[in-house]
Amino acid sequence: MESSRRINLISDTVTLPSPGMLNSMMNAKLGDDVFQEDPTVKQLEEKLAGMFMQEAGLFCPSGTMANQIAIKSHTQPMDEMLCEINSHVFQYEVAGYAFHSGIAVNPLTTDTGNLSSEIIAQSIKASQDWLPNTKLVVIENTGNRTGGTIYSHQELLEISSCCKANKLKLHLDGARIFNAIVEGGYTSHEIGSLFDSISVCLSKGLGAPIGTVLLGKQSWIQKCRKVRKVMGGGMRQTGILAAAGLYALEHHISRLKVDHLHAKQLEACLKNRAYVSKIKPVYTNIIIFDLIPSLSTDSFINQLNKYGIHASAFGKNSIRFVTHLDISESMINEVIEILESKII
Ligand SMILES: *Cc1c(COP(=O)(O)O)cnc(C)c1O
């Protein structure tokens with residue numbers, strides 16, 4: 001076994017562009033996207049908008065920026081956003097909702113990790129001078145911190161009609177929306193128009209190096225373009241990145257199923273390990289499990305490192321593994337062998 005080889009299970013963001021992807025980047029037609037003259041960026045934005053039945057798209061350098069632009073463009077200061085307590089917009093975006101948008105957040109606790117139309121309806125604040133205006137709902141599909149959880153089509157339909165009935169804007173944080181789509185029994189066409197806006201990440205499971213496309217109505221995306229500019233996200237010959245995104249949409253969607261299969265194989269192995277005290281159900285490509293008190297996360301991670309396997313702690317005694325494009329079947333077999341025979 002070559003211990004120098006890296007099997008990186010830290011995140012699905014660690015993938016490197018494949019030769020085919022690099023080739024399409026090299027050959028992309030380019031222009032200055034601040035003047036909206038990059039044909040490859042336009043092609044990517046239009047393609048994704050079409051896939052999700054939205055009018056327009058906006059290429060952003062990161063998922064965080066796309067979410068923050070969406071929050072800013074849907075709200076006014078003194079408004080309030082509802083989201084699940086584990087959601088990325090609440091946990092991992094540096095309180096950007098407060099910094100950029102001057103809004104309050106009501107992080108809702110759920111049993112499943114999914115918001116429901118009931119909890120949303122119950123959480124809408126009355127219209128009073130002393131209360132923020134509940135204005136925006138953000139849902140995450142799949143849920144990262146909740147273990148790759150998926151919203152069902154029915155849940156999405158109910159949430160969407162609840163938001164419409166109560167004049168709330170609905171944003172989908174779709175960092176892993178294609179992981180949800182390949183498992184959820186619905187298509188991008190079927191769910192896209194349920195949302196006022198969607199951020200679709202290209203650099204997680206899809207394997208592009210950079211990029212998230214924000215989708216929404218034409219006039220709203222125009223406003224978002226200005227917000228992107230004030231955040232410093234107006235970029236020039238961005239087609240070189242958009243080409244990677246187009247390549248990923250063409251080649252890497254259906255193969256997400258393989259990542260999910262690999263995650264299931266790791267789950268089956270971990271379920272039978274004496275040093276694992278609890279494991280969250282695995283729905284897509286994220287595996288979150290707790291270690292018994294006598295095995296620290298540091299010790300577990302260091303032992304894996306010795307065999308060239310990288311993983312990260314996820315809280316006090318939890319570990320997260322994420323499967324992705326650069327994890328092959330033989331790597332999964334190798335990880336399983338180590339988990340079965342080498343960890344003490
Ligand atoms: C990774 C992630 C983002 C944003 O990621 P960037 O690193 O800013 O591109 C947003 N939402 C979720 C659920 C994520 O997992």
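In this predicted model, Asp 32 counts as buried because its relative accessibility is 16%, and buried means under 20% relative accessible area. Asp 32 forms a salt bridge with Arg 236, and the closest N and O atoms are 3.1 Å apart. This pair links distant parts of the chain: Asp 32 is in the loop between α1 (19-26) and α2 (39-51), while Arg 236 is in the loop between α10 and α11 (239-251), 204 residues apart. Arg 236 is partly exposed, with a relative accessible area of 38%.

A second salt bridge joins the side chains of Lys 125 and Glu 80, at 2.5 Å from N to O. Lys 125 lies in the loop between α6 (117-123) and β5 (133-140) and Glu 80 in strand β3 (residues 79-84), so this pair ties together parts that are 45 residues apart in sequence. Glu 80 counts as buried at 2% relative accessibility, whereas Lys 125 is partly exposed at 30%.

| Salt bridge | Closest N to O distance |
|---|---|
| Arg 236 and Asp 32 | 3.1 Å |
| Asp 259 and Arg 255 | 2.5 Å |

Asp 259 and Arg 255 are both buried. Elsewhere, a network of salt bridges links Lys 264, Glu 267 and Lys 271. The count for the model comes to ten salt bridges.

Charge also gathers on the surface, where Lys 72, Lys 164, Lys 169, Lys 217 and Lys 223 form a patch of positive charge. One of these residues, Lys 217, lies in the loop between β8 (212-216) and α10 (218-230). Lys 217 is partly exposed, with a relative accessible area of 48%.

Methods
Residues numbered from 1 in each chain as written. Predicted model: local features only at pLDDT ≥ 70, side-chain atom pairs only at ≥ 80, totals over all residues. Heavy atoms only, no water. Patch = residues over 30% accessible without salt bridge, like charges linked within 9 Å, V, L, I, M, F, W, Y side chains within 5 Å. Areas by Shrake-Rupley, 256 points an atom, 1.4 Å probe, with all protein chains shown as cover. Salt bridge = Lys/Arg side-chain N within 4 Å of Asp/Glu carboxyl O. Lys, Arg positive; Asp, Glu negative; His and termini not counted. Charge placed at Lys NZ, Arg CZ, Asp CG, Glu CD. Helix = DSSP H or I, 4+ residues; strand = E, 2+ residues; numbered from the N terminus. Buried < 20%, exposed > 50% of the residue type's maximum accessible area, 1.4 Å probe, protein only.
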